[in-house]
Amino acid sequence: MTDLHLVLTDHGKFGWTIESPQLPSIIGGRDTYDEAFQFARELCEEAGWSPLPKFPEVHVQHPLVAKNGLEYLLRTHHSDDPAVRWSRMHLTEALTAHLHLDDIDDVTHAGQPPTATGERLLISALPEDKLSWCEAQLDPGAVGRFVVLRGDSTDSIAIGNGKSARDDSYETLDLDLGPDAMLRDALAALNKYKQRSRETSERRKTLIALV
């Protein structure tokens with residue numbers, strides 16, 4: 001069974017909203033994070049996900065407008081492991097500062113369509129995150145850019161949930177990436193392709209579409 005992923009979005013003075021890719025019918029909101037989290041559990045149980053298989057995967061996201069005027073959603077997974085949570089939050093803070101202070105290079109959002117509400121989704125990730133786990137937190141047809149920290153710099157990859165008709169995308173099977181492959185594997189596969197594209201003048205592809 002796919003794990004249950006909850007996405008709680010902070011809208012400032014307007015409170016928090018609740019979503020779940022596994023339960024698209026649930027909708028709700030509360031004033032605070034704690035209230036929204038508890039209400040989300042109740043909504044999931046009412047929608048038939050009961051008893052909850054384990055502590056649900058909780059993702060918190062914050063809307064942000066970059067210096068260049070583009071709208072983003074910054075998402076962080078709230079891991080039960082304090083060290084892992086700190087690593088993800090540290091990267092989110094770095095991304096927030098970057099968006100506030102610098103214009104984003106076009107490459108950052110190349111191949112990444114906006115969400116249904118117009119923002120581009122940036123997700124703080126770890127190299128060992130599995131592609132299946134990345135996919136499970138995305139709505140069907142959605143695309144998120146997963147960003148990992150490599151020393152003092154970042155690397156990122158746009159991942160879409162589902163097959164893509166875009167001609168700038170790979171499917172995971174094309175790259176010999178199974179559901180247990182990790183983000184580091186996907187980044188290595190794309191970097192290998194980029195190296196080949198430089199040597200052969202092929203047009204680089206920017207998006208992985210999970211199948």
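Predicted model: local features only at pLDDT ≥ 70, side-chain atom pairs only at ≥ 80, totals over all residues.
Local features require pLDDT of at least 70 and side-chain atom pairs pLDDT 80 or more, whereas totals for chains, interfaces and linings use all residues. Residues are numbered from 1 along each chain as its sequence is written, and side-chain values use heavy atoms, with hydrogens and water left out.

The protein contains five helices and ten strands, taken as DSSP runs (helices H or I, at least four residues; strands E, at least two) numbered from the N terminus. Overall values are tabulated below.

| Property | Value |
|---|---|
| Buried share of the 211 residues | 44% |
| Share of contacts between residues at least 6 apart in sequence that join residues at least 24 apart | 56% |

Buried denotes under 20% relative accessible area (1.4 Å probe, protein chains only), a contact denotes heavy atoms within 4.5 Å, and areas come from the Shrake-Rupley method.

Helix α1 comprises 14 residues, 33-46, and spans 20 Å between its first and last C-alpha, close to the 20 Å expected at 1.5 Å a residue; the expectation is 1.5 Å times one less than the number of residues. At its start, a side-chain oxygen of T32 lies within 3.2 Å of the backbone nitrogen of E35. Buried positions in α1 are A36, F37, F39, A40, L43 and C44; their cover includes strands β1, β2, β3 and β4. G48, with a positive phi near 105°, follows α1.

Y193 belongs to helix α5 (residues 183-200) and is buried, at 7% relative accessible area. Its C-alpha is 9.4 Å from that of L175, 18 residues away along the chain.

Definitions and conventions. Buried < 20%, exposed > 50% of the residue type's maximum accessible area, 1.4 Å probe, protein only. Polar contact = N/O pair within 3.5 Å; in protein donor to acceptor, adjacent residues only side chain to side chain.
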